[in-house]
Amino acid sequence: MGNSDFEIEYLTKQIARGGGVALFGQGLSKGIKFILQVVLTRVLGSASYGLYTLGLSAIGIIQGISMLGLPQGTLRFGSLYLSEGKKSRVKGTIISSFLISLISSAIIGIVIFFWSSTIAGKIFNEPELGKVLKILSLTLPFFSLFSVCMQAFLIFKKIEYSVGIELVFIPLVSLLIVIPLFALGLRLNGAIYAYILSIVSSLFLGFFLLRKIFPELFSELKPEYEIKPLFLYSLSVLLVGLSGFLINKVDKIMIGIFMTSQNVGIYNAASVVAFQGSLIIYSFHGIFAPIITDLHNKKKFSELGLLLKSSTKWAFGLVMPLVFIFILFSKEIMLLFGNEFLPGWSILITFSFIQLVNVGVGSVGYILIMTGKEKIELTNVTVLGLLNVVLNYFLIPKFGILGAAIATGISYALIDFARVIEIYYFYKIHPYKFSYLKIIFAGLVAIGLVIFLRNLIEFQGWLKLLEVAIMCVVYGIMVFIMRLDKEDIIVLKAVRNKIFKEE
């Protein structure tokens, strides 16, 4: 085996181990988050749940501004300095990001605290939203520090820490806190307090683990600060992030403006379920990001292309059966939140298709950002973020919450298409290979069989789970029959070892 082949196998195993953690974390997270959403919707109802969602969406955009793009800058420069063996600069990068983001978020938090009532009344015509924003503004400093901490884990390729905290610990703590608060009679405030406490506790856990993996951060090692390049890069990424928020958050914000908080609640319940699958590809992004920087610095673009193909195929293969379940059982899933959430079934189906498109292009956006093409990515998301605002403006009044879903879907599809073209133009790589079609064919056969059986047999109640089992088994058998690539076998073994042996 040549050096290049050996490195490809080694790096593929690194990504696969991250994928193994993501697979385990995703499964556990889906269960916890789904239970949490059911508890929230059942207790709050669509109107109060809509206020909760609207508050988190609005504060999410504000959080994006307050962090100044520093979490992504931390990952970019921290990974670069670590690959060069410059731990003092890694320390300086992390400390700089902590301090600057803390000051910025504290200032913005104070402004939002005093302007919350005006924002709620003048923009959303929802006076009760003011109280929600006022409380959530207190989370800004904690969330900024937390975000930097999570990206710092990725510098050291500790994907299990970021996955464990973000996907499992936060929703679990929120669930464990919100239940007794609801029992005490707190409703909307109880949900908000639970969210805040989950972020604060996660931050302390993050600091504890960061000290474990990078003790130099708390030692006498003198930090070297490179604030100017970090800050300039982070500001560019900030604009990318803000434009990304226009794609991810503006739909809920504009539903709140044009419609009611109840509509926001129904829409969010559907989107939360559908976008569970995206956490898999985001976890692959996390472990892939520092590897991108390393390969780019070494000009190993062919290796980068091979890893992109394998990680994309596996992420798509893991998400596809989950998406098909959402499509087949859209009405049953929405009824779990309560009868008033049933109109969201069409939103769930729409977002499920969006997921296939989003996951199907892999980490192309991360490649642009991590290889110094952040200005290109800024152009991408700015143009399409603004397009999403325009589409929502015209489609929501005409089609309601379904119009918002369609607008978001078009925006995602266009930005993904642009990214694929750009990385091919710059690096002559793309996320696809012929065996990708095997995954698609296996999925179509599995869902086709279930649809065929539905026309012969009427599955009722718990027997509907049999449909899920049939689809998953058939999907797995089809993938096995059509054989795996060499890289796929490496991935499968690494994932298995990570889950069952914990290498």
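**Entry 1. Helix H14**

I looked up burial in H14 and found Ile347, Leu348, Ile349, Thr350, Phe351, Ser352, Ile354, Gln355, Leu356, Asn358 and Val359 to be buried (under 20% relative accessible area; exposed is over 50% and partly exposed in between, with a 1.4 Å probe and protein chains only). The model is predicted, with local features needing pLDDT of at least 70, side-chain atom pairs counting only at pLDDT 80 or more, and totals for chains, interfaces and linings using all residues. Residues are numbered from 1 along each chain as its sequence is written, and side-chain values use heavy atoms, with hydrogens and water left out.

I noted that 11 of the 15 residues of H14 are buried, so this helix is largely enclosed by the rest of the structure. H14 covers residues 345-359 and reaches 21 Å from its first C-alpha to its last, close to the 21 Å expected at 1.5 Å a residue (1.5 Å times one less than the number of residues).

**Entry 2. The whole chain**

I recorded 20 helices and zero strands; these are DSSP runs numbered from the N terminus (helices H or I, at least four residues; strands E, at least two). Of the 503 residues, 58% count as buried.

**Entry 3. Helix H9**

I turned to H9 (residues 250-258), where seven of the nine residues are buried, so H9 is largely enclosed by the rest of the structure. The buried residues include Val250, Asp251, Lys252 and Met254.

**Entry 4. H2 against H3**

I found that H2 (residues 70-83) and H3 (residues 87-124) pack at about 170°, with axes 8 Å apart (axes are lines fitted to C-alpha atoms, for helices over the stretch in contact, and angles run from 0 to 180 degrees between N-to-C directions). That makes H2 roughly antiparallel to H3 (over 145 degrees; under 35 is roughly parallel, 65 to 115 roughly perpendicular and the rest oblique).

**Entry 5. Positive phi**

I checked two residues other than glycine. Leu68 has phi near 60° and is found in the loop between H1 (3-66) and H2; Leu68 is buried, with a relative accessible area of 16%. Lys428 has a positive phi of about 55° and lies in the loop between H17 (401-427) and H18 (436-456); Lys428 counts as exposed at 55% relative accessibility.
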